[in-house]
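Hello,

Here is the structure I promised to pass on to you. Have a look at it first, and then read my notes below.

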Amino acid sequence: MRKLTTNLRQAAVTLTMGLASASVLASGPLNLNPNDPDGVERWPNGGVNIPFNVDQGGIPGVMDKATIVAAFAAWEGVSTSTATYSDNGDLGFDEDVTNYFPVVDNLFFGNNNSDGLSPVVFDDDGSIFLDLFGASGVLGFASTDTRDANGTPIEAVCFLNGGATVSGGGTYPDADFFGVQVHEFGHYSGLGHTVVNGQNVGLGDTSGPTPFNTYGDSPPDQVETMYPFALVGGGQLTPHADDIGFYSFLYPSATYFADSGTISGTIYASNGTTPLTGVNVIARNVADPFGDAVSASSGDRGDTGVYPINGLTPGAQYTVHTDQILQGGFSTTPIGLPGPEEFYNGANESNNITSPDDPEESVNITTAAGAPNTGIDVIFNAPAAGDPLPVG
């Protein structure tokens, strides 16, 4: 199981003020659990009645009990999932900079002391976040923090930086802070960070393998909720296809796998045999490349180099390409790609030495309900003479 002491950055959201964005610490698990059948950490019983306890105080209409309940409901409304949330009562006291530290003892120091509480803490003036991070732009963090003997979560914790909002004396728009809460409760439920459209919207990355902007630019409101940065106006107030796909993998409805498509494969180095972990892989529906786009990080479920992409539309055609992570903290450490980003191109997939492999050439993969598309392997092209060296 990954240590949460090394995962605080992956469990936080950052604000970035570009298209007006902010710092919140790939579709995949926040933590691993070798005792789980799929090797991932998730709440028991299909995620039914995941507990939470709400802090006193808050900022009415921005960060209070009503917005917390609504943000959990954004996930509970995913029809392909069985997860639900249980209000287990208020904390009964106000967490502030003078008394918060015992609440993060498990998270910071890797302890596993159960107190029967799963606090959602309102940092009304931002003093806790200033104490923890300094002037950082971090808007929130959340994670499971207490587990049973099998590594299954029984308690969690979430901190929200109300001091960053306009109503709390900061600059982050009040209306967009709801998306921060939805993001953090994704972590609370077991989701890690992900990159699909966020880099295109926030950082000007291409929608296909760089330098090919194959599908043009994403609408600014199609940023995945679990992107590691909160983009103002990014549409992160509700889960997107990428967020829903992995959330439903963790807590699948009875028909989720039978009713949806899957693409999986392995990412290899240019020798064609060494699997590589930490490569972002994106599948885009050619008919809806931003609304129906799902990603995975190779190796994110414990199998070196393997990427599984779930929750795809049956009968749709998808392209698959590798993608360099540009910024953000991730549960599976991203690597600097050893060759150019490229599309999967079927029979022409090679290292570009043994046979030509054009990074811009793609093969459409048609998905079918309940019938996974396996063996969609990508081999990185070897650098040719005169090619620039990749940077990471």
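Let's begin with a pocket. By class, the lining of the second largest pocket holds 8 nonpolar, 8 polar and 1 charged residues. Here Ala, Val, Leu, Ile, Met, Phe, Trp, Tyr, Cys and Pro count as nonpolar, Asp, Glu, Lys and Arg as charged, and the others, Gly among them, as polar. The volume of this pocket is about 220 Å³. Of its 17 lining residues, Gly-126, Gly-137, Asn-161, Gly-163 and Ala-164 are the closest to its centre.

Please keep in mind that this is a predicted model: local features need pLDDT of at least 70 and side-chain atom pairs count only at pLDDT 80 or more, while totals for chains, interfaces and linings use all residues. Residues are numbered from 1 along each chain as its sequence is written, and side-chain values use heavy atoms, with hydrogens and water left out.

On a 1 Å grid over the protein atoms alone, a cavity is a set of points where a 1.4 Å probe fits but cannot get out; a pocket is an open set with protein on both sides within 12 Å along at least five of seven lines, and lining residues have an atom within 4 Å of a point. Points are joined across faces, edges and corners, and a volume is the space filled by probe spheres set on them.

Helix 5 (198–203), strand 10 (280–285) and strand 13 (317–323) each supply at least two of the lining residues. Helices (H or I, at least four residues) and strands (E, at least two) are DSSP runs, numbered from the N terminus.

Two backbone details are also worth a look. Most residues other than glycine have a negative phi, and most peptide bonds are trans. Thr-210 and Pro-211, however, are joined by a cis peptide bond with omega about 15°, and Pro-211 sits in the loop between helix 5 and strand 8 (230–231). Asn-45 has a positive phi, near 60°, and lies in the loop between strand 2 (21–24) and strand 3 (50–54).

Happy exploring!
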